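Hi,

Here is the structure I promised to pass on. Have a look at it first, and then read my notes below.

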Amino acid sequence: MTGTDATRTAPRICPLCEATCGLTLTIGRDGTGEKVTGARGDRDDVFSQGFICPKGASFGELDSDPDRLRTPLVRDEHGELREATWDEAFDTVAARIRPLIERYGPNAVGVVLGNPNVHTMAGGLYPPVLLSTLRTRNLFTASTLDQMPKHVSSGLLFGSAGAIPVPDLDRTDHLLLLGANPLDSNGSLCTAPDFPGKLKALRRRGGRLTVVDPRRTRTARLADRHVAIRPGTDALLLAALAQVLFEEGLTDLGPLAAQVEGVEEVREAVREFTPEAVAEACDMDAGTIRTIARELAAAPTAAVYGRIGSCTVEHGTLASWLVDVLNILTGNLDRPGGALFPLAAHDRAPRPAGLPAGPGKGFALGRWSSRVGGHPEAKGELPITVLAEEIETPGEGRIRAVIAIAANPVLSAPDGDRLDRALPGLDLMVSIDPYLNETSRHADVVLPPPPPSRSAHFDFAFNALAVRNQVRYTPAAIPLDAGAMDECEIHARLILAVSGMHGADPSAVDDMVVAGSLAKAVADPHSPVHGQDPEELAAGLGGSSGPERRLDMMLRLGPYGLTLDDLLAQPHGIDLGPLRPRLSQVLRTRSGRVELLPAPIAADLPRLRRALGERDDRLVLVGRRHLRSNNSWMHNVATLNGGSNRCTLQVHPADAARLGLDDGATARIKAAGGELEVPVEITDAVRTGVVSLPHGWGHDRAGTRMSVAAARPGVNVNQLLDGSLLDPLSGTAVLNGFAVELAPAR
Ligand SMILES: Nc1nc2c(c(=O)[nH]1)N[C@H]1C(S)=C(S)[C@@H](COP(=O)(O)OP(=O)(O)OC[C@H]3O[C@@H](n4cnc5c(=O)[nH]c(N)nc54)[C@H](O)[C@@H]3O)O[C@H]1N2
Ligand SMILES: Nc1nc2c(c(=O)[nH]1)N[C@H]1C(S)=C(S)[C@@H](COP(=O)(O)OP(=O)(O)OC[C@H]3O[C@@H](n4cnc5c(=O)[nH]c(N)nc54)[C@H](O)[C@@H]3O)O[C@H]1N2
Ligand code: SF4
Ligand SMILES: [Mo]
């Protein structure tokens with residue numbers, strides 16, 4: 001970059017997707033200070049070994065985007081957002097939220113947590129504290145647009161919503177992948193830098209890859225077999241695979257058998273789902289279904305893996321459950337080459353080997369329900385689709401204030417127009433967000449975090465989902481600019497402001513968490529610090545900030561006995577070895593065993609049985625992701641927004657001919673929630689009967705400050721939905737496989 005001298009490099013774990021690649025940033029200095037001038041893959045990174053994608057390579061542009069907010073904004077008495085000091089911003093929050101809580105109770109505050117919280121240290125460390133301080137039942141997150149079905153199925157099967165088995169990509173002989181496109185998404189609930197390389201390596205070592213996807217994706221093109229299933233029918237296919245395993249005597253649980261109950265009940269439950277019975281609904285050939293089942297059983301090791309296309313659908317929880325049922329019936333759960341549970345360095349140290357599992361507390365659904373629609377909670381959350389009605393509907397318990405952290409539900413959730421109309425009716429809205437976008441533009445107080453080069457990074461979420469146990473920490477690559485505030489401190493101050501401790505030192509929040517955790521640890525007979533003095537332990541923690549001290553504590557109490565200093569001494573990370581069997585450590589069911597046919601699942605199966613008879617010929621819509629995008633917020637980076645990264649409606653040539661649509665022409669697409677006009681892209685990469693439109697677009701609303709995105713706005717696919725279609729067990733929105741009507745625009 002002209003006028004900038006490259007002076008030094010710094011390591012930085014990439015926060016832009018779940019792959020968590022290690023980057024080497026080049027840092028230069030110009031008249032305004034230090035900035036990131038380049039990013040390349042860190043070849044010495046123990047996990048990613050140099051891999052990088054175009055998003056990581058654009059780290060510098062994203063980091064120094066001139067549209068990023070640099071000071072807090074507070075709405076003035078004329079309704080305008082004005083730059084303010086941090087003190088003014090937090091004073092405003094404290095002064096306005098406390099009376100609401102005191103008058104209307106804790107549920108008057110709704111908390112909305114968006115996806116980037118799993119990509120920041122602040123998002124990993126503070127929202128749990130905020131929620132336990134507020135004690136609101138109105139929690140909404142991106143999970144009910146995403147992986148909540150998997151949490152529910154894991155909660156029911158294993159007793160722990162966080163126990164998500166990960167396919168052992170490096171060692172498996174066979175991968176059956178449904179509704180995922182890791183060549184563009186770089187993987188999800190399966191953290192694996194260079195997922196494409198790992199799939200190619202699987203094939204090179206003689207393994208097989210089957211991809212089930214209504215689109216012939218880049219991932220599908222790499223597969224031995226691609227099955228273009230009819231959207232929304234994966235649960236039927238998976239039930240039929242299980243049925244074949246039972247019918248043909250191909251189940252073999254191996255050593256798992258002793259830890260699993262309910263196998264015979266599952267045999268009964270899937271009896272009707274023969275390949276012939278599901279073939280029409282799935283639009284698949286019964287013979288192919290049998291072959292897939294036989295190959296799965298015959299493979300020395302295999303893993304079944306389902307993602308977005310198997311979660312955000314009508315039977316999302318059933319499909320997520322069946323994925324693990326198949327892993328269990330074939331003996332592949334918890335064995336090398338199958339699907340295993342990672343053990344992260346910051347996890348609590350497991351019970352010592354030899355201690356029998358459980359009985360645990362189990363997992364309960366529906367402990368409370370949403371006020372207006374009566375939707376049951378799952379994992380402490382209500383469906384994000386009910387947020388607007390909870391704000392709009394008068395009466396006791398109405399949401400009067402919203403705290404939105406790294407969330408843009410106006411674009412990412414169904415019927416954003418309704419939410420867009422509801423948000424101005426709040427008494428207070430606070431956003432922690434670097435951009436003034438479709439959602440944060442409604443906030444009364446916007447608290448902007450610094451760019452990622454100015455933040456330290458540790459992957460609390462993804463180290464527990466990684467295909468290899470490893471741990472890395474990168475401190476901030478560049479010191480905070482004058483006037484900026486670390487996102488951890490923003491969260492801590494917000495917690496103080498809502499809890500009536502406004503003005504206290506933010507480190508009080510971390511000290512409180514440390515004291516609480518250590519008190520528990522010293523009382524636990526299995527803890528490495530059992531019986532020690534918690535105050536002495538706290539005094540002995542390393543780290544130069546509250547979040548670092550907390551990380552150091554977690555590492556010390558963790559399974560590998562590491563410290564923050566160990567991580568600082570190894571800037572390219574510490575490899576902790578391949579995944580190892582540890583099912584007995586994760587089981588928290590009441591029986592202490594895997595409960596293969598949990599009651600809520602059994603109760604939802606009749607709905608799937610009804611789907612057997614429903615042959616639906618309506619045109620349906622599915623989404624897609626592009627390698628150079630990320631949900632709703634990366635369209636503001638010019639080098640990423642362009643070329644094939646376009647908001648087009650993909651239509652199969654046969655459907656286009658039938659409907660009279662030309663390539664490049666504008667189509668009018670209509671569904672329950674609204675209608676859109678969108679350019680048509682004719683391609684046989686989508687199957688017939690299916691059209692595809694990406695999400696995260698629709699940047700054409702006034703009052704945002706994202707100039708690059710606004711110049712190429714696209715349309716918001718979620719406006720086609722009215723928010724009423726949900727997977728009932730998890731409250732997850734049906735974003736894939738819903739009916740649409742399509743015609744040329746006049
Ligand atoms: N139709 C359809 N809709 C979908 C999906 C789909 O497949 N189809 N996918 C769904 C999925 S899987 C997800 S996860 C959601 C995602 O949707 P959201 O949870 O809304 O997340 P994002 O759009 O990724 O970003 C939200 C906000 O985070 C802000 N942000 C970025 N970096 C930071 C940071 O460091 N700190 C803070 N505080 N904020 C930051 C951005 O500016 C943005 O405003 O979308 C869902 N919506
Ligand atoms: N480049 C990029 N990377 C990302 C993101 C991004 O927006 N852009 N978002 C990140 C996030 S938040 C997430 S959650 C992950 C998601 O990661 P993935 O799950 O890999 O996400 P997608 O690329 O949306 O792949 C879903 C696939 O499911 C297919 N599909 C749709 N309906 C069905 C169905 O009924 N059955 C089957 N079998 N398939 C179906 C779609 O055609 C699509 O190819 O990606 C993450 N990584
Ligand atoms: S694959 Fe993901 S983590 Fe790796 S460089 Fe790309 S965006 Fe960053
Ligand atoms: Mo997601």
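**What I found**

Ligand 2 has 30 residues around it, and the closest are Ser 185, Asp 213, Gly 232, Asp 234 and His 626 (a residue counts as near a molecule if one of its heavy atoms lies within 4 Å of it). Before going on, some ground rules: this is a predicted model, in which local features need pLDDT of at least 70 and side-chain atom pairs count only at pLDDT 80 or more, while totals for chains, interfaces and linings use all residues. Residues are numbered from 1 along each chain as its sequence is written, chains are lettered from A and ligands numbered from 1 in the order in which they are written, and side-chain values use heavy atoms, with hydrogens and water left out.

Back to ligand 2. A polar backbone atom of Gly 232 is 2.7 Å from one of the ligand's oxygen atoms. The backbone also takes part at Ser 629, where an N or O atom lies 2.8 Å from a nitrogen atom of ligand 2, and at Asn 631, where an N or O atom lies 2.8 Å from an oxygen atom of ligand 2.

Asn 631 turns up at ligand 1 too: a polar atom of the Asn 631 side chain lies 3.4 Å from an oxygen atom of ligand 1. Which residues come nearest to ligand 1? Out of 27 around it, they are Asn 115, Ser 412, Asp 433, Asn 437 and Ser 632. For two of these I have side-chain distances from an N or O atom to a ligand 1 oxygen: 2.7 Å for Asp 433 and 2.5 Å for Asn 437.

Now the domains. The assignment gives domain 1 (161-341 + 593-609) and domain 2 (620-744); such bounds come from an automatic or database domain assignment. Their C-alpha centres lie 28 Å apart. Domain 1 puts 26 residues into the contact and domain 2 puts in 25 (contact means heavy atoms within 4.5 Å). Together they bury about 2,000 Å², with 55% of it on carbon and sulfur atoms; that is the accessible area (1.4 Å probe) that two parts lose on being put together, summed over both.

Three salt bridges are counted between the two domains (a side-chain nitrogen of Lys or Arg within 4 Å of a carboxyl oxygen of Asp or Glu). As for salt bridges by name, Arg 687 and Asp 283 pair up through their side chains, at 2.8 Å from N to O.

Cheers

Technical notes:
Polar contact = N/O pair within 3.5 Å; in protein donor to acceptor, adjacent residues only side chain to side chain.
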